[in-house]
Amino acid sequence: MSGKTGCRGMIRVNKKISVAVLCLFVCTTAIFAKPKKGERMFVNVQQASLRVKKSSLSKETEKLSFGDPVIIESADKEWFYVTSQISGSKGWISANSVTKHRPSESSGYSTLTGELALAGKGFTEEVENLYKENGVIDYSLVDSIENTSVTTNQVTTFIIEGNLSTGEQK
Amino acid sequence: MKRIAKILAALCLTVLLASCESFDFANFGFDNDFRDAYDFYDEEDPDSDWENHDKQLSPETIEALNKAAQSMDYATQKFTPENEYYIGRSVAGVILSRYPLYNDVLLQSYLESILVALVANSSKPEIYNGYCIAVLDTDEINAFSTPGGHILITKGMIKCTSSEDELAAVIAHEIAHIQLGHGIKSIKTSRGSRAFADSINAASSIVKDFSPSVRSMVMTFETDINSITESLFNKGYSKESEYQADRYAVSLLYKTGYYPMAIDNMLITMNRNETQGTGMAKTHPTPYQRMEKLDKEFRKYRKAEDNRRFRQDRFEQRIGTVGR
């Protein structure tokens, strides 16, 4: 009798542990969930590219700008296949180049104007312009290093000749 | 046991609710918990006429100002890629005010090609304004990166490399700092300290003609730039951040097709060439400590092929100008 009770107790305990593990699994899945088909996301870099394949070196079909909306068609770990809401073009975009929230909304109070809007956006070009007034930093030097010269074709050749990987995901 | 199960279930539910509310797929990992960073405006400041100015403002404007103050708190709790880029530009500007640029077109395009190849194999091939790289004309052994994607490597650092793979290891380590958000984390740490308010007050008193909210923003900008440059030049990031960047670099080298153990060779040369208390020796764990930490990591890459020979000729040609 006592053996039966002990067995039932064990089953009950196992059930509880299973429920807890299941809960944990559901939570983890929710946290790392990929966006769903049809979900709208927004470009959060100054310029993002829609590409034919899952590689930043593959052929670019269209350039998207900061804040442009895209609709998710399918999602991999690091690349999403999307449709541009503006043009209707489809292509792969890096998962890190889009965000669930419209970037301009994230800074809040977007209806404010002038100084108020400026303060609400965080560190932006306008803040840099104000900071420039103290004349400590020579931003022209920064501009000069930001002008990169290599083209995608040159890098692709460089990769092939060096026996390296283009980073294309299957 | 029943209680434990209940606690576990409650914990899971809490995590689930919290994650649903705050999780942002793209900016995952940048959960900033800043204190009231803008409570430093000194109303007693004799130079400020805003106390009098406020008296002339309409109730609507005052309400709007309050809204702006609230929105500033919100905006800085989370750095947008745009914010990271503009902080990064100024940090790069500070570095370039300390060291002259080394201009060599061939070397420049060579470094850019290595950078783009590495970034194409990383999980963040695109950032707000892309990545860029330049050489600093100094024999000091050092390399820097900013949250905005700027990478600056000294001639002294390049002289510590004897293959493209070793040079790629240096660049991959800097990419790691950018992609893992170490610069922004150093701001977070700084803002959590008492010294933050003091340094805000010490920030230059520019833009006096603007509202308190805009002045606060610009002064915070200056303080945050100082936090990162202090980490880059003097304090360094935490040792764990450096080891993490090394592990990330090895993985990125492997994914790109470089020989991951090349980082070890670079560290050996660095160990030989470094002068204590200067450059990287001042801000990083010793090369020996870094090598020791990597030994465990290298076990994952035992099967990696040593194919450095494919790239040795072009390395010799392009790097020759730096001088050895």
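## Lining of the second largest cavity

In chain B, β2 (143-145), α7 (164-179) and α10 (212-235) each supply at least two residues of the lining of the second largest cavity. Helices (H or I, at least four residues) and strands (E, at least two) are DSSP runs, numbered from the N terminus. The largest share, three residues, comes from β2(B). On a 1 Å grid over the protein atoms alone, a cavity is a set of points where a 1.4 Å probe fits but cannot get out, and lining residues have an atom within 4 Å of a point.

This is a predicted model: local features need pLDDT of at least 70, side-chain atom pairs count only at pLDDT 80 or more, and totals for chains, interfaces and linings use all residues. Residues are numbered from 1 along each chain as its sequence is written, chains are lettered from A and ligands numbered from 1 in the order in which they are written, and side-chain values use heavy atoms, with hydrogens and water left out.

The second largest cavity is lined by 13 residues, and B:Ala143, B:Leu232, B:Tyr237, B:Glu242 and B:His284 lie nearest its centre. By class, this lining has four nonpolar, seven polar and two charged residues. About 80 Å³ of space lies in this cavity, a volume being the space filled by probe spheres set on the points. The structure holds five cavities of 30 Å³ or more.

## Nonpolar cores

A nonpolar core is a set of buried Ala, Val, Leu, Ile, Met, Phe, Trp, Tyr and Cys residues joined through side-chain atoms within 4.5 Å. Buried means under 20% relative accessible area, exposed over 50%, partly exposed in between (1.4 Å probe, protein chains only). Among the 55 residues in the largest nonpolar core, B:Ile114, B:Leu118, B:Ile153, B:Met157, B:Ile158, B:Ile171 and B:Ile263 touch the most other members. Helix α5 (residues 105-120) of chain B gives the most to this core, with nine residues.

Leaving out residues up to four places away in sequence, B:Leu118 touches several residues, including B:Ala168, B:Ile171, B:Leu252 and B:Tyr258; contact means heavy atoms within 4.5 Å.

## A hairpin in chain A

Strand β5 (residues 79-84) of chain A pairs with β6(A) in the antiparallel sense over five bridges; two strands pair if DSSP finds at least two bridges between them. A:Trp79 stands opposite A:Ser94 in β6(A). The two strands form a hairpin with five residues between them, and A:Gly88 in the turn has a positive phi of about 85°.

Four of the five residues of strand β6 (residues 90-94) of chain A are buried, so this strand is largely enclosed by the rest of the structure.

How values were computed
On a 1 Å grid over the protein atoms alone, a cavity is a set of points where a 1.4 Å probe fits but cannot get out, and a pocket is an open set with protein on both sides within 12 Å along at least five of seven lines; lining residues have an atom within 4 Å of a point. Ala, Val, Leu, Ile, Met, Phe, Trp, Tyr, Cys and Pro count as nonpolar, Asp, Glu, Lys and Arg as charged, and the others, Gly among them, as polar.
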